[in-house]
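Please look through the sequence and the model shown here before reading on. The text then walks through the fold part by part.

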Amino acid sequence: MITLYYHRGACSTSNHFALEDAGVAYEAIEVHLDRKDDPIAQKVRKLNPMSMTPVLVLEDGEVLTQNAATLSYIADLVPEKALLPKPGTLARAQADSWMAFVASDLHPVIIEYIYKGFGETDAERARLVAFYEDRVARRLIVLEERLAGQPYILGSAYSVIDGYALIVLNWSVPAGLSLDAYPSIRRYMEQIEARPTIRKVREAEGPIDW
Ligand SMILES: N[C@@H](CCC(=O)N[C@@H](CS)C(=O)NCC(=O)O)C(=O)O
């Protein structure tokens, strides 16, 4: 059985979605990495010295980290579910490109957006707000345009990339980032949140305390 160590509402929850969609046998264990003496946190820190989730422990004890790898691995366990296009195809290369967009562009800029308030003077804060507004908007406009003409990032079918994008977009709430200018993104988030597998995972993990 695969074991997932996750933090509720963090990017690791997208792996919880993927395991549920894949329908494989798994155990999902919540970890609070900020709790120094917690035995599960200590174990996860050993498994991933960067002290981050997701951490997957595979049936043979092999450890796999990094969303782009863990999500692809889970999708490829069940090719019949088409949670990603077949490896080695151009469609898969395009999917990898969108996975990288979510992991390397969208994920960090929404986290960074929180820093916009860090300036010590009004002028510095205004400069940071303009800087981070521009950085995040450049990514969100790309996603908005993509979703204006199709329901999911890869087209008409849901993929593990969408579950990851949902989690990252959810952070707009604690980041204080308004998505009002992005109606297709808002529609997309509601649509994914309503999927039975996503709802099942949300219920299993419990409410998120932003
Ligand atoms: N590049 C990593 C990023 C993982 C990541 O950002 N994990 C966050 C949760 S979303 C985390 O564990 N943060 C804890 C920390 O930074 O201390 C990946 O794709 O797996």
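Predicted model: local features only at pLDDT ≥ 70, side-chain atom pairs only at ≥ 80, totals over all residues.

Residues are numbered from 1 along each chain as its sequence is written, and side-chain values use heavy atoms, with hydrogens and water left out.

The protein chain is divided into domain 1 (2-82 + 198-205) and domain 2 (90-195); the bounds come from an automatic or database domain assignment. Between the C-alpha centres of domain 1 and domain 2 there are 22 Å. Domain 1 gives 18 residues to the contact and domain 2 gives 15 residues, where contact means heavy atoms within 4.5 Å.

Next come the nonpolar cores. A nonpolar core is a set of buried Ala, Val, Leu, Ile, Met, Phe, Trp, Tyr and Cys residues joined through side-chain atoms within 4.5 Å. Buried stands for under 20% relative accessible area, exposed for over 50%, and partly exposed for values in between (1.4 Å probe, protein chains only). The largest nonpolar core has 53 residues, and the members that touch the most others are Ile110, Leu140, Ile153, Leu169, Ile185 and Tyr188. At least two residues of this core come from each of β1 (2-6), α1 (13-22), α3 (67-77), α4, α5, α6 (160-170), α8 (183-193) and α9 (196-205). Helices (H or I, at least four residues) and strands (E, at least two) are DSSP runs, numbered from the N terminus. Both domain 1 and domain 2 are represented in this core, each with at least three residues. A second, separate core holds 8 residues, among them Tyr5, Ile29, Ala41 and Val55.

Which residues is leucine 169 in contact with, leaving aside its neighbours within four places in sequence? They are Leu106, Ile110, Leu140, Leu143, Leu179, Ile185, Tyr188 and Met189. Leu169 is also one of the buried residues of α6, a list that includes Val160, Asp162, Tyr164 and Asn170. Helix α6 is largely enclosed by the rest of the structure, because 11 of its 11 residues are buried.

The charged side chains are the next topic. Side chains of opposite charge can pair when their charged atoms come close. A salt bridge is counted when a side-chain nitrogen of Lys or Arg lies within 4 Å of a carboxyl oxygen of Asp or Glu. The whole structure contains 12 salt bridges. One of them joins the side chains of arginine 8 and glutamate 30 (3.1 Å, N to O). Arginine 8 sits in the loop between β1 and α1 and glutamate 30 in strand β2 (residues 26-30), so this pair ties together parts that are 22 residues apart in sequence. Arginine 8 has a relative accessible area of 26%, so it counts as partly exposed.

Arginine 92 and aspartate 76 form another salt bridge through their side chains (2.9 Å, N to O). This pair links distant parts of the chain, with arginine 92 in helix α4 and aspartate 76 in helix α3, 16 residues apart. Arginine 92 is buried, at a relative accessible area of 7%, whereas aspartate 76 is partly exposed at 35% relative accessibility. A further salt bridge pairs the side chains of arginine 186 and aspartate 180 (2.8 Å, N to O). Arginine 186 is partly exposed, with a relative accessible area of 38%, and aspartate 180 is exposed at 57% relative accessibility. Through salt bridges that share partners, Asp76, Arg92 and Asp96 are joined into one network.

Some backbone details remain. From threonine 53 to proline 54 the peptide bond is cis, with omega near 10°. Proline 54 belongs to the loop between α2 (39-47) and β3 (55-57), and serine 51 is found in the loop between α2 and β3. Serine 51 has phi near 60°, a positive value in a residue other than glycine, and is partly exposed with a relative accessible area of 26%. Alanine 82, in the loop between α3 and α4, has a positive phi near 50°. At 48% relative accessibility, alanine 82 is partly exposed.

Last comes the surface. Ile111, Ile114, Tyr115 and Phe118 form a nonpolar patch there, with about 380 Å² of accessible area together. Patches are made of residues with over 30% relative accessible area and no salt bridge, like charges being joined within 9 Å and nonpolar side chains (Val, Leu, Ile, Met, Phe, Trp, Tyr) within 5 Å. Accessible areas come from the Shrake-Rupley method with a 1.4 Å probe, and for residues only the protein chains shown count as cover. Isoleucine 114 lies in the loop between α4 (90-112) and α5 (122-148) and is partly exposed at 39% relative accessibility.
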